[in-house]
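Please look at the sequence and the model before reading on.

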Amino acid sequence: MNIYAINYVYDDSTATKRDEVRPVHVEFLQECFDNGRLLVSGPVDDGAGALLIITGEDEADALALMDNDPFAKNGLITERGIRKWGVFFGKDKLIPAQA
């Protein structure tokens, strides 16, 4: 399983709609977290965007998962970037060894 850093950028003009959609967005992220796909996430730059660290078989798998984010489905992400992240230090804290 690979690790990907996904960056969201928001536009100020979508703030009200994001506030409306945020509860289902958070539910989606919680489900991804509970399923082990979302490792960590949170807002960046005082809410101008977000950074999500997720797992995926490949880039297409990671993007397909995030296409289901209600923010994406409602056109609330102005820009989305993805980078494969080869974590060296701390990987065991992100993905603990299976017992």
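Just after α1, G36 has a positive phi of about 85 degrees. Helices are DSSP runs (H or I, at least four residues), as strands are (E, at least two), numbered from the N terminus. The model is predicted: local features need pLDDT of at least 70, side-chain atom pairs count only at pLDDT 80 or more, and totals for chains, interfaces and linings use all residues. Residues are numbered from 1 along each chain as its sequence is written, and side-chain values use heavy atoms, with hydrogens and water left out.

Helix α1 covers residues 15–34; its 20 residues at 1.5 Å each should span 28 Å, and its end C-alpha atoms are 27 Å apart, which agrees. The expected span is 1.5 Å times one less than the number of residues. At V21, α1 bends by about 50 degrees, and the proline P23 follows within four residues. The bend is the angle between axes fitted to the seven residues ending at a residue and the seven starting there.

R18, V21, H25, F28, L29 and C32 are the buried residues of α1. Buried means under 20% relative accessible area, exposed over 50%, and partly exposed in between (1.4 Å probe, protein chains only).

Rings of Phe, Tyr and Trp (its six-membered ring) pair if their centres lie within 6.5 Å; planes under 30 degrees apart are stacked, over 60 edge-to-face, the rest tilted. This rule gives three aromatic pairs, including these:

| Pair | Centres | Planes | Type |
|---|---|---|---|
| Y8 and Y10 | 6.2 Å | 65 degrees | edge-to-face |
| F88 and F89 | 4.9 Å | 85 degrees | edge-to-face |

Y8 and Y10 are both buried, whereas F88 and F89 are both exposed.
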